Amino acid sequence: MVNYFLSAVASLALFLASTEVAFADVSECAGCHASEVREWSGSQHAVAMAPATPDTVEGNFSNGRFADSDIQANFRREGEGYVIRLSEGGNSREWPVRYTFGVYPLQQYLVDVGHGRLQAFNIAWDTRAESEGGQRWFRLDESDQNHPGDAMHWTGVYQNWNNQCADCHSTGLKRNYDAESDSYDTHWQQISVGCAACHENAEEHAHAALDGKSLAPGVELAAMGAWLVSQGARPPMHEGPDSSPNQVPSCGRCHSLRTSLTDQGGGQVHDQFSLTRLDEPFYYSDGRIREEVFVLGSFEQSKMFEAGVVCSDCHNPHTGNLKAQGNAVCTQCHSAADFDTPEHHRHGRGSEGAQCVNCHMPESTFMKIDARREHSFMVPRPDISNASSSPDVCLGCHTDKNRDWSITEVDGWFPELYEQETWYHVQQRPSSGMVEYLQNPDEPALRRATLLEQQGQWLAQEQPSLVANLSASDQVVMRESAFRILRHGSAEHARRVGEAGLIDSSLAVRIAAFESLTWLGVELDSAPWEKVRGEYEHFLEMQSDLPSGLVLKARYLLARDFVYKAERTLEKALNKDPGYAPGTILLTDILRSGGRNLEAIDAINRTLEQTPDEASLIHLRGLINLKLKDYSKALEDLERATALAPDQWLFGYRYAVALFQLQQQDEARKVTGALLERFPENPQLQALMKHL
């Protein structure tokens, strides 16, 4: 087997050669923590990133070659270095490889394109064994998909190491983005994921130890107590002191899809990082993973997370490996006599179907060959998978069957299962049922926060006292979402409630409160307001290397009446990604407010050249055409937007209203009736039908 891992000594040499910042190096840690360093040195964390050397490069650079209809890449050694020669779009260029990135099951290579930017090359090396299909160059995107100048091209903004990858593959990283010059001066404490990535005070801790003093290496991360194995109907029970509440959000800052709120080289999710909510397209509507969202969003939905399970209950934190093999990981807590039996899993002993993970942690494959397991530990529900169009767990193995078969099969085994409410059902509840769910502290906080934001507009307007109560929740993710939806309500209510958010212990909450108040035109004369203003403006500058960050910056400028600056900022965003719909939507708001409707349509059309099926833009163009009295084009756009986004009831509602206003009452009634079948409790649709 190929040895993918460096020794601790080799890793240390690489770290020392690659940093200008002082840190607690591996040799200092190994003096007292030899076993932990030894375990870490064989982990993927130890080689998450490294200078390109013969010890670290796994790919075939002995005149290796990749070619398709789009590009031709040649890989070779040149002295002590590694070079990629790329022919694409009629042009050829050579790129020296600066760093390796990752190690298994694939390794990417980083090249310097100038202005401090490192980009992840889109041809990767498959490090798996040849018998598994590995030991080859392969393309991460599709041929004829991304071209030079596109945002998703390997030289584009979304394949940039500095803003997309760096802070999880290195330790103590600061991106140091300069918006004025659109360049980076990125530095790290350690090139890879070392001790200080998790133990943030490792340097001070090591120096104190050398002086014979005692100092904690950072926040407590340990798993404490023990889990008692379940017995019959009694679930596993935790005995002894609770495990550290810091462990999961510390691991989660890299094992999640989140937004970084400060450039400080560390922190935790729900504080310095804001976790992405469970919305489409990132997740299916049943909570299953859809896009590359990693682990934390799934785990925080689970009963295990609610019970107090932490990452190191299953994983060795230094090797990253599981603490046991196969079902033995699960039977640490769940009685094998009850669960590792054919009566429970309905498959033959020792079969693939008898493995707990294959039903409760199904795999999704990303980067073409990297299979990753979900961590929500959901019970398979073929009926809900069918309703939400998520992958059917049963059909992952039974490829010769269909959804009807799996629904019937599971119903025969566990008929009571289909009576149980799921997250998918919760999102279909009537308004009173949603309020009840939001108030239930026994439900997963991340799901409640997601629902709170999904229903934010009517909650802020119709249930302001509920929003105020939730803004005082003991769950940070709930407070953040509550302060975030204040922007949909009245300025007076936001002013009254929002001040508490400005002094919250969590940066994520403070930023949410400040942003909502600002968007509503509220400005306070207080020390907390000025402090958070500084934090927010730092966040905007740090994020302004991305189109999404520039859109936020434009909103902030608009709130302060800097309309011209906001328009120029949005033009920058759309230069970085011409297909970025939120940038175009906000730009059209500015243009329309100035009576520049034809310019707004031109802006929409330019973006639709990149993303032709973007329903929100087609819908918006339809509304503008209505205003311009170009009714045939307006109805065509509104109809198409409704078809492209059937879950957006408002698109259909506006289409029906337009039909009614244009004396097409029968068609309006037909559209509204179809909408009511999907949204039977919607009061606006009900009211419209009464008038038709």
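How many aromatic pairs are there in this structure? The count comes to 23, where rings of Phe, Tyr and Trp (its six-membered ring) pair if their centres lie within 6.5 Å, and where planes under 30 degrees apart are called stacked, over 60 edge-to-face and the rest tilted. Please keep in mind that this is a predicted model, in which local features need pLDDT of at least 70 and side-chain atom pairs count only at pLDDT 80 or more, while totals for chains, interfaces and linings use all residues. Residues are numbered from 1 along each chain as its sequence is written, and side-chain values use heavy atoms, with hydrogens and water left out.

Let me take one pair as an example. Because they are three residues apart in helix α24 (residues 527–543), about one helical turn separates Y536 from F539.

Elsewhere, ring pairs link F61, F75, Y82, W95, Y109, F121, W125, W137 and W154 into a cluster.

Charges also meet rings, a charge being over a ring if NZ of Lys or CZ of Arg is within 6 Å of the ring centre and within 35 degrees of the ring normal. R555 lies over the face of W519, at 4.7 Å from the ring centre, and K565 lies over the face of F562, at 5.2 Å from the ring centre.

Note on methods. Helices (H or I, at least four residues) and strands (E, at least two) are DSSP runs, numbered from the N terminus.
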